[in-house]
Amino acid sequence: MLSLSLPLVLSLLLLRPNLPVTAQTTIIPSTSFSSPSTFQQYWNYLYPWGSDHNGSARMRGSPSDRSMIDVNAGTLTLRATQTTNPVPPTSTSNPKPAIRYASGAIHAKHQVTVTAQRGYTLSGEFSAPTVRGTWPAFWLTGVNSWPPEVDIGEWKGTPENWFNTFNTSSVVRSDIVPWPADLSFHSIRAVLAAQPNGADVRIQFYMDNVLRATQFGKGFVGKPLWLIINLQMEGSSGTPGPSGTTTYKVRNLQVSQS
């Protein structure tokens, strides 16, 4: 057997090519929903652009109004209830549907920007309503333009989750996976990494730790993205929506850079 001296071994190791080293940096910890004060370190209320979007729910939420947004013991709960006499009566966002619900939305203070040197992993456990007229989501959308958009969790009134990547309004990749209708918690994870061309982003989607889809965002590298959790209603999920209170729960949510 060949015997090598320690100095020779060290010199041989120094001659090896540099190998990539991956380190994880936690951006949003899994404890961000542990209390209202911790929540406000990492999250803002409403959508980044305000209270309205493309469904029939108007979002409510602030440090003094948490009626639609509850944070307690590590779980975020968003609620939607029917409302009357909203002002203004229609959404301020296209396609400007009539407002019929009050609900909750939050967005992360940190903007997700994939670069050639920096990828992201976003994960959590979700109890999502799937009845007609409920439209909860966990998604990324462009800060400066639309698209890009990546829907990590989107439930549109059926017991299915939609994994989506929008490259344009018409160039869209969707992979639809079954989702239980019993409001049990299941895990979702998205891993975003720049491709060798330095422009595109690969998105790997997991449900319950099983890879379910791989999609690509063309030109997504370097584009900042908002991370949003919201309980929208009706719109793409059908109508009429439920008359009672709808709840959407999230726990163990974590965002990390690699």
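Guide: Let us begin with contact, which means heavy atoms within 4.5 Å. What follows concerns a predicted model, in which local features need pLDDT of at least 70 and side-chain atom pairs count only at pLDDT 80 or more, whereas totals for chains, interfaces and linings use all residues. Residues are numbered from 1 along each chain as its sequence is written, and side-chain values use heavy atoms, with hydrogens and water left out.

Visitor: With which residues is Ala-194 in contact, leaving aside its neighbours within four places in sequence?

Guide: Once those neighbours are set aside, Ala-194 is in contact with Val-114, Thr-115, Ala-116, Asp-200, Val-201 and Val-221. Ala-194 itself belongs to strand β13, which runs over residues 186-194; helices (H or I, at least four residues) and strands (E, at least two) are DSSP runs, numbered from the N terminus. Its C-alpha atom is separated by 9.6 Å from that of Phe-216, 22 residues apart along the chain, and by 8.4 Å from that of Phe-220, 26 residues apart.

Visitor: Is Phe-220 buried or exposed, and where is its place in the chain?

Guide: Burial is read from relative accessible area (buried is under 20%, exposed over 50%, partly exposed in between, with a 1.4 Å probe and protein chains only). Phe-220 has 6% relative accessibility and therefore counts as buried, while Ala-194, at 24%, counts as partly exposed. The place of Phe-220 is in the loop between β15 (210-217) and β16. Not counting residues up to four places away in sequence, Phe-220 touches Val-114, Pro-148, Glu-149, Val-150, Thr-165, Phe-166, Asn-167, Ala-199 and Val-201.

Visitor: What can be said of the protein chain as a whole?

Guide: The protein chain holds 2 helices and 17 strands, and of its 258 residues 47% count as buried. Among contacts between residues at least 6 apart in sequence, 65% join residues at least 24 apart. The C-alpha trace spans about 85 × 40 × 35 Å along its principal axes.

Visitor: How are aromatic rings read, and how many aromatic pairs does the count come to?

Guide: A pair of aromatic rings is described by the distance of the centres and the angle of the planes. Rings of Phe, Tyr and Trp (its six-membered ring) pair if their centres lie within 6.5 Å, and planes under 30 degrees apart count as stacked, over 60 as edge-to-face and the rest as tilted. By this rule the count comes to 11 aromatic pairs. In one of them, the rings of Trp-155 and Tyr-248 have centres 5.8 Å apart and planes at 65°, so the pair is edge-to-face. This pair links distant parts of the chain, since Trp-155 is in the loop between β10 and β11 and Tyr-248 is in strand β17 (residues 246-257), 93 residues apart. Trp-155 counts as buried because its relative accessibility is 0%, and Tyr-248 is likewise buried, with a relative accessible area of 0%. Ring pairs also link Trp-155 and Tyr-248 with Phe-126, Phe-138 and Trp-179 into a cluster.

Visitor: Which charged ends sit over rings?

Guide: A charge sits over a ring if NZ of Lys or CZ of Arg is within 6 Å of the ring centre and within 35 degrees of the ring normal. The charged end of Lys-156 sits over the ring of Trp-162, 3.5 Å from its centre, and that of Arg-189 sits over the ring of Tyr-206, 4.0 Å from its centre.

Visitor: How should I read the backbone, and which peptide bonds are cis?

Guide: Most residues other than glycine have a negative phi, and most peptide bonds are trans. Here the peptide bond from Trp-146 to Pro-147 is cis, with omega near -15°, and Pro-147 has its place in the loop between β9 and β10. The bond from Thr-239 to Pro-240 is also cis, with omega near 0°, and Pro-240 is found in the loop between β16 and β17.

Visitor: What are the phi values of Ala-73 and Leu-183?

Guide: Ala-73, although not a glycine, has a positive phi of about 55°; it lies in the loop between β4 (69-72) and β5 (75-82) and is exposed, because its relative accessible area is 67%. Leu-183, again not a glycine, has a positive phi of about 65°; its place is in the loop between β12 and β13, and at 39% relative accessibility Leu-183 counts as partly exposed.
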